[in-house]
Amino acid sequence: MSRPIIGIPSDIESPAGHRERAFAYLTYVEAVRRAGAIPVLIPPQPENAEALVATLDGVLLAGGFDCDPSLYNEAPHPTLEPMDTRRQENELAMARAAHAAGIPTLGICLGMQMMNVAAGGSLIQDIDSSIDTDIRHASIPEDRARHDVLIDADSRLATMVPTLEFNVNSSHHQAVARVGEGLRVTAHAPDKVVEAIEDPKHPFFIGVQWHPEDMRAEASASSLFGAFIAAAKQYAERKVLAAK
């Protein structure tokens, strides 16, 4: 059969004196391509989320800046770096539409946080000022810090990675606090910061806090993307059968 189509909601950049642009970092695009799927960029259009999701076989929610804490009834922390509100509205709509339709969804870093907020959860707005930890969770993409993650043995995520404990990169200053409705935590850092969530009743609705798209040579990353695209292929096959 043809390769599954994976939608990647875009980020937005508004450079002073220049036209705005919608974009996605190529590391996400290339990770989807290497895993055997066709990546498609989705510019912000939350009013079309359900129609768009119906044309896709999977959704990848990428990393980025912070979501507005008013979404979970909190005032902003001084360290907040808000994303463009158009991206935020688009990703909330895409996450909810994909979940409702049963479409495989993988959230990465901010993407995982958006999945949680879309389900009514909340976030730790700044790990360093909220948690006593020796782990450096926040680091820049060009020089990411590393730490271990511990995967719950009875999780769906555990079936997709080669071992229940492995080392990952880390580039985030926020984390899941209150878990959204229907979701469960499936991985932690050694300091108990949430590193993965999933919906056990959904075919594939999984978020991870690390950046597997930047861990190309590592088995944990390739196996996770492989499982995501395999789920998208199965979803596409079911769509074809249902249409006959």
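Modeller: Start with two helices. Helices α3 and α4 are roughly perpendicular to each other, a label for angles of 65 to 115 degrees. This is a predicted model: local features need pLDDT of at least 70, side-chain atom pairs count only at pLDDT 80 or more, and totals for chains, interfaces and linings use all residues. Residues are numbered from 1 along each chain as its sequence is written, and side-chain values use heavy atoms, with hydrogens and water left out.

Biologist: How should I read a helix pair?

Modeller: Two packed helices are described by the angle between their axes and the distance between the axes. Here α3 (residues 85–101) and α4 (residues 110–118) have axes that come within 9 Å and cross at roughly 70°. Axes are lines fitted to C-alpha atoms, for helices over the stretch in contact, and angles run from 0 to 180 degrees between N-to-C directions. Helices are DSSP runs (H or I, at least four residues), strands likewise (E, at least two), numbered from the N terminus. The crossing of α3 past α4 is right-handed, that is, the near helix is turned clockwise from the far one by less than a right angle.

Biologist: Which residues of α3 and α4 meet?

Modeller: From α3 come Arg87, Gln88, Glu91, Leu92, Ala95 and Arg96; from α4 come Leu110, Met114, Val117 and Ala118. Contact means heavy atoms within 4.5 Å. The residues of this contact divide into six nonpolar, one polar and three charged. Ala, Val, Leu, Ile, Met, Phe, Trp, Tyr, Cys and Pro count as nonpolar, Asp, Glu, Lys and Arg as charged, and the others, Gly among them, as polar.

Biologist: How many residues of α4 are buried?

Modeller: Nine of the nine, so α4 is largely enclosed by the rest of the structure. Buried means under 20% relative accessible area, exposed over 50%, partly exposed in between (1.4 Å probe, protein chains only). Just after α4, Gly120 takes a positive phi of about 95°.

Biologist: Which residues have a positive phi although they are not glycine?

Modeller: Cys109, at about 55°, and Lys192, at about 80°. Cys109 is in the loop between β6 (105–108) and α4, and counts as buried at 5% relative accessibility. Lys192 is in the loop between β11 (184–188) and β12 (194–198), and counts as exposed at 64%.

Biologist: And nonpolar cores?

Modeller: In soluble globular proteins, nonpolar side chains tend to be buried together. A nonpolar core is a set of buried Ala, Val, Leu, Ile, Met, Phe, Trp, Tyr and Cys residues joined through side-chain atoms within 4.5 Å. The largest one here has 35 residues, of which Leu60, Ile151, Leu157 and Trp210 touch the most other members. Helix α6 (219–243) is among the elements that each supply at least two residues, and gives the most, with eight. Apart from this core lies another, of 31 residues, among them Leu61, Ala93, Ala97 and Ala118.

Biologist: Is His173 buried or exposed?

Modeller: His173 is buried, at 16% relative accessible area. Its place is in the loop between β9 (165–170) and β10 (175–176). Leaving aside neighbours within four places in sequence, its contacts include Asp66, Thr79 and Asp126. Asp126 is itself buried, at 9%, in the loop between β7 (123–124) and α5 (127–130). Not counting residues up to four places away, Asp126 touches His77, Thr79 and His173.

Technical notes. Angles under 35 degrees count as roughly parallel, over 145 as roughly antiparallel, 65 to 115 as roughly perpendicular and the rest as oblique.
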